[in-house]
Amino acid sequence: MPSAIVSEYFRTNKLPQIWCPGCGHGIITRAITVAIDKLGLDRDKICIVSGIGCSSRAPGYMDFDTLHTTHGRALAFATGIKMANPDLKVIVITGDGDATAIGGNHLIHACRRNIDITAIIYNNNIYGMTGGQYSPTTPKFDKGTTAPYGNVDKAFDIPALAAAAGATYVGRSTAYHTQLLISLIENGIKNEGFSLIEAISVCPTYYGRKNKKGSAVEMLEWQKNHAVNIAAASKMAPESLDGKFLIGEFKNSPEPEYTKEYQKIIDMFKKE
Amino acid sequence: MEMYEVRLSGSGGQGLITGGIILAEAAILDGKNAVQTQSYGPEARGGASKAEVIISTEKIDFPKIRDCDIFLSLTQKSFDQYGKNVKDNGIIIVDESIDTKSENKVIYSLPILDTAHNVLGKPMVTNIVALGVIAAITNVVSRNALEEAVLNRVPKGTEDLNKKALEMGYSIGKKAIK
Amino acid sequence: MKSKARLMQGNEACVEGAIAAGMKFFAGYPITPSTEVAEIAAEKLPLVGGKFIQMEDEIASMAAIIGASLAGSKSMTATSGPGFSLKQENLGYASLAEVPCVIVNVQRSGPSTGLPTSPAQGDIMQARWGSHGDHPVIALTPSSVRETFDLTIKAFNLSEKYRVPVILLMDEIIGHMRERVELPEISEIEIIDRKKPTVSREKYLPYKADDDLIPPMAYYGDGYRFHVTGLAHDETGFPTNNPAIADKLYRRLLDKIELHKNEIIEWEEQCTDDADIVIISIGGVSRAADTAMKQLRQKGVKVGTYRPITVWPFPEKRLIELADKVNTFVVAEMNLGQMALEVERIIKDKAELIKVNKVNGEAIYPEEIIEKIEEVL
């Protein structure tokens with residue numbers, strides 16, 4: 001029997017989903033619906049948009065208005081939706097390759113405009129759908145099918161990138177830290193502006209196997225043992241943070257929202 | 001059928017594109033057909049710039065001009081570049097500063113730039129002075145229509161200046177054909 | 001009464017037509033010679049409560065208009081050559097997902113950056129086949145400023161009616177020229193809106209076509225909670241790998257245009273009744289063809305003109321009829337023979353085919369067409 005949340009917000013006739021056993025994407029997708037439920041939003045006024053890749057299959061299972069677009073372009077489609085109907089809450093589900101490689105340009109400009117869209121980047125550090133090629137978030141020296149000798153690229157720090165580009169709400173959590181993830185998504189949706197939440201997923205099938213990270217459970221345990229909340233980190237000795245990564249709310253600084261600013265122009269110049 | 005092909009040439013910044021638009025709009029006010037085209041891009045910035053207008057009592061098919069009936073040139077460079085492309089019975093109007101060499105056509109060499117720059121003290125009305133000259137010499141558009149078209153286009157607050165520029169151009173032109 | 005006649009640029013007439021048709025959203029990226037379309041849309045849309053956005057590139061502009069259309073706004077983008085290449089990805093998406101939208105391509109000389117400020121018609125085949133895979137296309141080619149206004153409205157109407165992206169395939173000559181126009185009263189203009197579902201959410205199948213092969217379309221936010229994807233999908237809108245369903249979908253997309261082609265196809269012909277020679281051209285070149293025809297007729301040469309207004313679907317049936325009685329077709333185009341390929345396919349060996357091609361960035365002059373015709377007399 002599916003849980004109450006799943007029965008309520010998922011297209012149960014489309015389940016089970018296509019993700020591999022142990023994939024973290026299901027946990028993240030559920031977290032989004034929990035956040036929506038907690039906020040008590042009108043579900044007919046929510047539009048969920050995705051690009052291409054493992055993560056981008058999520059909207060197909062979610063019982064809202066949903067749009068599965070082209071590779072990298074979800075934010076650009078979402079921008080058109082939000083402009084046409086600002087009453088809609090627009091949520092973008094995208095992956096590390098989708099959002100930061102092929103869609104990198106769209107990402108920084110959506111951040112810059114501060115348009116009211118909440119983007120959740122499912123980061124599994126790999127291109128899963130095509131079978132394990134290295135992505136812009138594959139850690140340096142890790143392997144992928146296109147990095148058989150180790151990846152020489154430096155990885156993106158997605159929250160730093162988004163914050164620098166102008167996103168007004170930025171956070172990071174993991175598939176393990178679901179309560180934090182839910183609250184970040186809630187706050188992201190509440191923020192009237194561009195919000196970006198990096199959700200670190202696990203890909204035991206490709207990234208995990210290629211890099212000997214063990215089972216899905218071991219990968220989640222690694223997340224548990226290596227994530228440090230930014231609030232706690234500020235009180236810790238720098239050396240104790242070696243090999244760790246930060247999670248939590250990185251930026252929360254509201255600014256005027258794009259469609260509202262544009263509406264002011266219409267209100268000023270519209271002829272009856 | 002009555003059809004005039006007009007080429008306005010000079011340098012970027014002399015307002016000849018706007019001049020072409022005003023001329024075409026004046027023709028429409030006269031109840032005629034008009035088509036305006038111009039050079040774009042690098043060609044339109046500095047160097048020789050041109051605007052072309054076809055005015056006709058009939059439907060205008062092909063919108064581009066090869067040899068024109070009326071040719072205005074405000075710079076030596078534009079004269080050298082386009083001066084050859086005038087019909088045998090065409091009318092050439094140039095600024096007095098231009099060396100027209102041995103061109104064997106009717107040429108009106110007139111103080112257009114001097115009028116705008118020195119007499120009126122406003123280089124920005126060069127195009128309007130030139131339009132006044134053209135209308136007086138060729139009657140390609142009526143004076144009333146031209147004045148209305150100028151006033152429709154120019155920035156608010158510059159109406160009197162432009163009216164004056166048009167009048168001065170007109171009287172220079174009228175004097176030249178006496 | 002004061003005349004409504006005014007001087008207007010082709011690119012401006014495009015925006016005027018779009019607004020008359022009900023455009024409420026425009027996304028674009030600056031590129032010569034289409035930039036005025038974006039500039040004028042940016043100025044005019046807020047005046048009618050519509051919205052303009054300058055996106056980060058042409059790919060994003062195309063994506064944004066699809067998104068806006070799904071959310072209920074009639075949407076348009078405008079571009080030229082290189083930008084049209086970038087739009088092909090999402091143009092294919094709009095074809096498959098059946099999202100109404102209008103794409104203006106003011107053609108310039110190419111390939112690549114080419115001659116950015118010069119006219120060309122080198123995108124005729126790209127308009128048809130630019131996006132990968134078989135996909136439905138409607139492309140309209142105006143040859144005057146007034147027709148640009150009319151065909152922009154038609155582009156929106158066809159797009160809404162058949163749920164297909166419609167390309168307004170202009171060229172620099174028509175886009176940049178200004179000429180005298182008199183626009184119709186808004187009340188005289190026919191506006192078509194997409195058909196919406198009449199059933200409840202539970203019964204709504206977003207890709208179940210009616211007998212006319214067109215599925216009704218809900219808006220996002222209307223409570224239908226439906227799914228749209230660029231994957232092959234069934235009537236529910238969800239992905240499928242079922243070969244029979246995929247086959248049915250792909251064929252329906254083309255068939256819906258084929259079924260309605262008599263309502264879509266438009267052309268203009270002049271003096272073809274007694275013509276031995278017929279000049280075929282589109283857009284700016286048709287203006288030269290008209291002059292050439294008139295001058296040749298004065299010399300007693302029996303010349304007519306045939307101007308496809310919908311270049312896709314191509315007005316084929318009438319051309320087959322003409323091929324039975326015309327000796328020679330002269331296809332004049334600012335490319336190296338793209339439309340001629342289509343004409344050749346249609347007329348077969350029934351008539352002679354002569355080509356007038358120009359790709360140097362200049363317009364085709366009437367004399368060049370006349371010369372070619374006089375060569376074969």
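Start by selecting β2(C), helix α2 (residues 35-44) of chain C and β3(C): together they form a right-handed β-α-β unit. Right-handed here says that, with the strands pointing away from you, the path from the first strand over the helix to the second runs clockwise. Helices (H or I, at least four residues) and strands (E, at least two) are DSSP runs, numbered from the N terminus.

Before moving on, a word on the model. Residues count from 1 along each chain as its sequence is written, and chains are lettered from A and ligands numbered from 1 in the order in which they are written. The model is predicted: local features need pLDDT of at least 70 and side-chain atom pairs count only at pLDDT 80 or more, while totals for chains, interfaces and linings use all residues.

**Stop 1: strand β2 of chain C**

Stay with β2 (residues 23-28) of chain C, where 6 of 6 residues are buried (20 or more other C-beta atoms within 10 Å of the residue's own; 12 or fewer is exposed, in between is partly exposed, with C-beta atoms placed from the backbone). Two strands pair if DSSP finds at least two bridges between them, and β2(C) has two such partners to look at. With β3 (residues 51-54) of chain C, β2(C) runs parallel over 4 bridges; select Phe25(C) and you will find Lys51(C) opposite. With β4 (residues 74-79) of chain C, β2(C) is again parallel, over 3 bridges, and here Met23(C) faces Lys74(C).

**Stop 2: all of chain C**

Now zoom out. Chain C holds 13 helices and 16 strands, and its C-alpha atoms fill a box of roughly 70 × 50 × 45 Å along the principal axes. Its radius of gyration is 21 Å, which agrees with the value near 21 Å for a compact globule of 377 residues (taken over C-alpha atoms; the globule rule is 2.2 Å times the number of residues to the power 0.38). Of the 377 residues, 58% are buried.

**Stop 3: where chain C touches chain A**

Show chains A and C together. Of the 2 pairs of chains in contact, this one shares the most contacts, a contact being two residues whose C-beta atoms, placed from the backbone, lie within 7 Å. Here 37 residues of chain C are in contact with 34 residues of chain A. On the side of chain C, the elements giving two or more residues are β2, β3, α3 (58-70), α4 (81-97) and β10, with α3(C) providing the largest share, 9 residues. That side divides into 22 nonpolar, 10 polar and 5 charged residues (Ala, Val, Leu, Ile, Met, Phe, Trp, Tyr, Cys and Pro are nonpolar, Asp, Glu, Lys and Arg charged, the others, Gly among them, polar).

Next, select β2 (residues 65-68) of chain A, which pairs with β10(C) in the parallel sense over 3 bridges. Thr66(A) stands opposite His227(C) there.

**Stop 4: backbone details**

Most residues other than glycine have a negative phi, and most peptide bonds are trans. Ser112(C) counts as exposed because it has 7 C-beta neighbours inside 10 Å.

For cis peptide bonds, go to Leu15(A) and Pro16(A), with omega about 0°, and then to Trp312(C) and Pro313(C), with omega about -10°. Pro313(C) sits in the loop between β14 (310-312) and α11 (316-325) of chain C.
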